[in-house]
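This note is meant for a colleague who is opening the structure for the first time. Please keep the model in view while going through the numbered points.

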Amino acid sequence: LDIIPAQFRVIVTRRPKYACRSCEGGITQAPVPAHIIAGGMPTEATLAHVLVSKYADHLPLYRQAQIYSRQGIDLDRSTLAAWVGKSAFELTPVYEALMANLKRSTKLFMDETPAPVLAPGRNRTKTGYFWALARDDRPWGGEDPPGVAFTYAPGRSGQHAETILQGFSGILQVDGYAGYNRLLKRPTQDVTLAYCWAHARRKLHKVTQSSTAPIALEGLAQIQALYRIEKDLRSLPADQRHDARQDRSKPLIDAFELWLTQNRARVSAKSPTGDALKYIAKYWDGLILFLDDGRIELDSNAVER
């Protein structure tokens with residue numbers, strides 16, 4: 001097994017100037033080859049390498065600068081940052097096309113995650129957010145390919161979700177963050193929120209980690225039974241998933257609803273178990289939407305990942 005490490009090379013383009021004594025056209029010269037950064041050093045291959053290293057291989061620009069310096073190439077981090085910024089600008093049409101393609105779907109996932117952002121002069125970072133809009137129709141054999149697009153926003157307000165989702169109508173699968181409720185207030189009322197059983201399960205699981213909680217354990221067992229059914233239904237067409245859920249999952253959901261009502265009456269709403277049950281009851285209508293639509297997943301893990 002042999003390897004040839006990536007090597008830098010300098011490409012020199014010679015453009016001599018010519019003039020004709022008997023012509024009036026003056027001096028002529030071949031045009032400069034077109035590049036993304038006009039008059040700059042990098043070729044498009046170099047820009048692509050920096051971007052892939054940063055975003056796909058998780059190599060920060062300062063580490064890339066160290067790697068390049070071992071080959072005798074002195075590139076300041078600020079120079080690399082300028083290249084990334086220019087490249088991102090030129091890739092905007094690709095991002096917009098991906099967003100438009102995703103929003104033509106009728107079933108998407110969405111999630112937001114914090115990202116530290118440099119705050120010059122504050123000696124610390126501030127918190128921004130990447131909002132991820134994702135599609136994954138593979139579990140029910142959908143024809144559209146999976147995809148995800150990230151949009152940066154300075155905050156977590158539901159206004160950002162509303163802005164990003166302009167032009168989308170259909171089912172949006174999310175966690176229980178209240179900011180998404182803003183989408184339900186659209187005049188057209190064309191967005192339906194499906195909620196995530198993994199987040200409901202997490203609430204119960206957290207209770208069992210800190211104390212003996214037989215009620216929470218019972219809830220976990222019932223949710224586990226739902227996931228066992230879903231494992232059998234993966235990759236089946238949406239209509240078959242719907243029929244199987246009505247036959248196999250709905251009796252479990254009916255039993256879970258009765259169990260939920262009875263145990264909420266037994267425990268204090270302020271106790272850890274009561275708080276977990278209150279969370280499930282609050283989002284119940286969105287949690288059981290998967291029974292009526294074979295395209296909906298049991299959770300939003302596709303975008304969480």
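1. Asp-136 is buried, with a relative accessible area of 13%; buried stands for under 20% relative accessible area, exposed for over 50%, and partly exposed for the range in between (1.4 Å probe, protein chains only). Its side chain meets that of Arg-138 in a salt bridge, at 2.8 Å from N to O. Arg-138, in contrast, counts as exposed at 53% relative accessibility. A salt bridge is defined here as a side-chain nitrogen of Lys or Arg within 4 Å of a carboxyl oxygen of Asp or Glu.

2. The model is predicted: local features need pLDDT of at least 70 and side-chain atom pairs count only at pLDDT 80 or more, whereas totals for chains, interfaces and linings use all residues. Residues are numbered from 1 along each chain as its sequence is written, and side-chain values use heavy atoms, with hydrogens and water left out.

3. How many salt bridges does a search of the whole structure find? The search finds eleven. As a general point, side chains of opposite charge can pair when their charged atoms come close. One of the salt bridges joins Glu-162 to Arg-182, with the closest N and O atoms 2.5 Å apart. This pair links distant parts of the chain, since Glu-162 belongs to helix α5 (residues 158-164) and Arg-182 to the loop between β6 and β7, 20 residues apart. Helices (H or I, at least four residues) and strands (E, at least two) are DSSP runs, numbered from the N terminus. Glu-162 is partly exposed, with a relative accessible area of 21%, and Arg-182 is also partly exposed, at 36%.

4. A further salt bridge brings together the side chains of Glu-297 and Arg-234, at 3.6 Å from N to O. Here too the pair links distant parts of the chain: Glu-297 sits in the loop between α10 (284-287) and α11 (301-304), and Arg-234 in the loop between α7 (214-233) and α8 (238-266), 63 residues apart. Glu-297 counts as buried at 9% relative accessibility, while Arg-234 counts as partly exposed at 47%. Together with Arg-241, these two residues are linked in a network of salt bridges.

5. The protein chain is divided into domain 1 (17-92), domain 2 (101-194) and domain 3 (197-298); such bounds come from an automatic or database domain assignment. The C-alpha centres of domain 2 and domain 3 lie 24 Å apart. Their contact (heavy atoms within 4.5 Å) takes 14 residues from domain 2 and 18 residues from domain 3.

6. Domain 2 and domain 3 bury about 1,200 Å² between them, 59% of it on carbon and sulfur atoms. Buried area is the accessible area (1.4 Å probe) that two parts lose on being put together, summed over both. Which three residues supply more than any other three of the area that domain 2 buries against domain 3? They are Pro-139, Trp-140 and Gly-176, which supply 45% of that area.

7. Between domain 2 and domain 3 the count of salt bridges is zero, whereas five residue pairs (both at pLDDT 80 or more) are in polar contact. A polar contact is a pair of N or O atoms within 3.5 Å; within protein, one must be able to donate a hydrogen and the other to accept it, and residues adjacent in sequence count only if both atoms are side-chain atoms. On the side of domain 2 that touches domain 3, the elements giving two or more residues are β3 (107-119), β6 (170-173) and β7 (191-194). The largest share, three residues, comes from β7.

8. Two individual residues may be inspected last. Ser-53 lies in helix α1 (residues 44-56) and is buried, with a relative accessible area of 5%. The side chain of Ser-53 reaches the backbone oxygen of His-49 at 2.8 Å. Leaving aside residues up to four places away in sequence, Ser-53 touches His-58, Leu-59 and Gln-64. Thr-188, found in the loop between β6 and β7, counts as exposed at 57% relative accessibility. The side chain of Thr-188 makes a polar contact with that of Asp-190, at 3.2 Å.
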